[in-house]
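The sequence and the structure are shown first, and the description follows.

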Amino acid sequence: MSKMSFFQKNNPIHEASNIQGFDIELNQESIRRIDRLVDSYEKSILSHLDDAYQRKTSWSDRLADQIASFGGSWKFITYFAVFLLVWIMWNSLPFIKVHFDEPPFILLNLCLSFIAAFQAPLIMMSQNRQAARDKHESIIDFAINYKAELEIDDMQSHLHRIEGELKEIKKLLLASKQADE
């Protein structure tokens, strides 16, 4: 649930908002304070996950991640398309005297095969590590959600207890009022 959907605006003229599902008014300063706390909490969790990732992965794993990140980008596609175009033009145009890879571009095919042979496992290794990291993050999300659910259940039981006590007090007040009459 996003922060903005958590706080519903009643009226744009008023400076207070209600928490969705409850009649608790919050002013704009309280909403900003809650937003800052939530953002700070999220940043600390992400920072902790990034630190754990840096500690658990080796230099070669991080290098593989960077290569996979570059290999799956538009920047790589653009550079590689330019490289291929230059290679083919260099070796095809008749007015260029030195042709190091005549058509059908056997050396180019060999280079492309090497790139594919090395890039595919690097990307798969990176994806496996990202899947493990995503699984770890989902476990943390589940734990946070479970704890929040327990706290909500605890608050609801307290509210039900308070509601029951208020009903008893109301009955006593009504009985006391009827006895006085």
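## Packing around helix H5

In this predicted model, a contact between helices H3 and H5 brings Asp-61, Ala-64, Asp-65, Ile-67, Ala-68 and Gly-71 of H3 against Gln-119, Leu-122, Ile-123, Met-125, Ser-126 and Arg-129 of H5. Sorted by class, the residues of this H3–H5 contact are 6 nonpolar, 3 polar and 3 charged. The axes of H3 and H5 come within 8 Å and cross at roughly 110°. An angle from 65 to 115 degrees counts as roughly perpendicular, and H3 and H5 are therefore roughly perpendicular to each other. The crossing of H3 past H5 is left-handed.

H5 also packs against H2, at an angle of about 145° and with the two axes 12 Å apart. Here the crossing is right-handed. On the H2 side, the contact is made by Tyr-41, Ile-45, Leu-49, Asp-50 and Tyr-53, and on the H5 side by Arg-129, Arg-133, His-136, Glu-137, Ile-140 and Ile-144. By class, the H2–H5 contact has 6 nonpolar, 1 polar and 4 charged residues.

The table sets out the two pairs.

| Helix pair | Angle between axes | Distance between axes | Handedness of crossing |
|---|---|---|---|
| H3 and H5 | roughly 110° | within 8 Å | left-handed |
| H2 and H5 | about 145° | 12 Å | right-handed |

Helix H5 itself spans residues 106-180 and has 75 residues. From its first C-alpha to its last, H5 reaches 107 Å, close to the 111 Å expected at 1.5 Å a residue. Leu-108, Gln-119, Ser-126 and Arg-129 of H5 are buried. The cover over the buried residues of H5 includes helix H2 (28-56), helix H3 (59-71) and helix H4 (74-92). Of these buried residues, Gln-119, Ser-126 and Arg-129 take part in the contact with H3, and Arg-129 also takes part in the contact with H2.

Leaving aside neighbours within four places in sequence, Thr-57 is in contact with Arg-62 and Arg-129. Buried means under 20% relative accessible area, so Thr-57, at 10% relative accessibility, counts as buried.

For the protein as a whole, there are 5 helices and 3 strands, in the pattern α-β-β-β-α-α-α-α along the sequence. Of the 181 residues, 15% count as buried. Among contacts with a separation of 6 or more, 37% join residues 24 or more positions apart.

Note on methods
Residues are numbered from 1 along each chain as its sequence is written. This is a predicted model: local features need pLDDT of at least 70, side-chain atom pairs count only at pLDDT 80 or more; totals for chains, interfaces and linings use all residues. Side-chain values use heavy atoms; hydrogens and water are left out. Helices (H or I, at least four residues) and strands (E, at least two) are DSSP runs, numbered from the N terminus. The expected span of a helix is 1.5 Å times one less than its number of residues. Buried means under 20% relative accessible area, exposed over 50%, partly exposed in between (1.4 Å probe, protein chains only). Contact means heavy atoms within 4.5 Å. Axes are lines fitted to C-alpha atoms, for helices over the stretch in contact, and angles run from 0 to 180 degrees between N-to-C directions. Angles under 35 degrees count as roughly parallel, over 145 as roughly antiparallel, 65 to 115 as roughly perpendicular and the rest as oblique. A crossing is left-handed if the near helix is turned anticlockwise from the far one by less than a right angle, and right-handed if clockwise. Ala, Val, Leu, Ile, Met, Phe, Trp, Tyr, Cys and Pro count as nonpolar, Asp, Glu, Lys and Arg as charged, and the others, Gly among them, as polar.
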